[in-house]
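Please look over the sequence and the structure before reading on.

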Amino acid sequence: MDTKSLIIETATTLFQQKGYKTVGLTEILKACNVTKGALYHHFPNGKDELLITCLHALKEDITIDIKVIFSKHPSTEDAIVSMIDKLIRSFEKDGTITGYTFSSIVSEMATMSEPVRTACSDLYENIEQIYYIKLIADGFSVEKATAISLLLTASIEGAMMLCLTQQSTNPLIKISKLLPTLLKNF
């Protein structure tokens, strides 16, 4: 792995686990075993630029993962259950869901930095768009697909945060059972 990729991957994990404000450049440098000069070579504007790059990388990774899951399932209901099951397995295996959740970064930084807020917003919009496309394919109207994609995004992201704070998969398990029923009733 090249130095830039190593810094992005390491910083992303640290930001997700500890939050942006808590993680210092020294901790990132130590975890990557790189110099300050190497970091500033790739990220001349420092930690903020690194965070935005991490958010863009997360957007790409999450988008690819969700699209793969959604392409394997004939309906939104099946895809959502499969995606939530993957999140549950990840949490049970690792005790966290670092590959998917970025709420800690959003809550901490979204009101402080317009570029970070925009990057976070783009990521949420991207996730909603994947849900929306599948819902339209399932025959939902534009209006309903728009509303349901927001509901799915908020429910799943909220459940992930609850799992992390409660150290339990129960919130994801509950919405995995509830969301398909809600979709059928729309």
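## Contacts along the chain

Among contacts in the chain between residues at least 6 apart in sequence, what percentage join residues at least 24 apart? The share is 65%, where contact means heavy atoms within 4.5 Å.

The model is predicted: local features need pLDDT of at least 70, side-chain atom pairs count only at pLDDT 80 or more, and totals for chains, interfaces and linings use all residues. Residues are numbered from 1 along each chain as its sequence is written, and side-chain values use heavy atoms, with hydrogens and water left out.

## Overall build

The chain has 9 helices and 0 strands; helices (H or I, at least four residues) and strands (E, at least two) are DSSP runs, numbered from the N terminus. Read from the N terminus, the order of elements is α-α-α-α-α-α-α-α-α. The chain is as compact as a globular protein of its length, because its radius of gyration of 17 Å is close to the 16 Å that the globule rule gives for 186 residues. That radius is taken over C-alpha atoms, and the rule is 2.2 Å times the number of residues to the power 0.38. The C-alpha trace spans about 55 × 30 × 30 Å along its principal axes.

## Surface and charge

Of the 186 residues, 46% count as buried. Buried means under 20% relative accessible area, exposed over 50%, and partly exposed in between (1.4 Å probe, protein chains only). The accessible surface comes to about 9,500 Å², and 55% of this surface belongs to carbon and sulfur atoms. Such areas come from the Shrake-Rupley method with a 1.4 Å probe; for residues, only the protein chains shown count as cover.

The chain carries 18 positive and 21 negative charges, and their mean positions are 4 Å apart. Lys and Arg count as positive and Asp and Glu as negative, while His and the chain ends are not counted. Each charge is placed at NZ of Lys, CZ of Arg, CG of Asp or CD of Glu.

## The loop between α2 and α3

Asparagine 33 and threonine 35 both belong to the loop between α2 and α3. In this loop, α2 covers 25–32 on one side and α3 covers 36–42 on the other. Asparagine 33 has a positive phi of about 60° although it is not a glycine. Most residues other than glycine have a negative phi. Asparagine 33 is exposed, at 71% relative accessible area.

Threonine 35 is exposed as well, at 51%. A polar atom of the threonine 35 side chain lies 3.1 Å from the backbone nitrogen of alanine 38.

## The loop between α8 and α9

Glutamine 167 sits in the loop between α8 and α9. Its phi is positive, about 50°, although glutamine 167 is not a glycine. Glutamine 167 is exposed at 52% relative accessibility.

Serine 168 lies in the loop between α8 (142–166) and α9 (170–185), and is buried at 18% relative accessibility. The serine 168 side chain reaches the backbone nitrogen of asparagine 170 at 3.0 Å. Leaving out residues up to four places away in sequence, serine 168 touches Phe91 and Cys163.

## Helix α7

Helix α7 covers residues 114–137 and includes glutamate 125. Glutamate 125 is partly exposed, at 49% relative accessibility. Between glutamate 125 and valine 68 there are 18 Å in space, C-alpha to C-alpha, and the two are 57 residues apart in sequence.

Cysteine 120 also lies in helix α7, and is buried with a relative accessible area of 2%. Cysteine 120 and tyrosine 132 are 12 residues apart in sequence, with 18 Å from C-alpha to C-alpha.

Key:
Polar contact = N/O pair within 3.5 Å; in protein donor to acceptor, adjacent residues only side chain to side chain.
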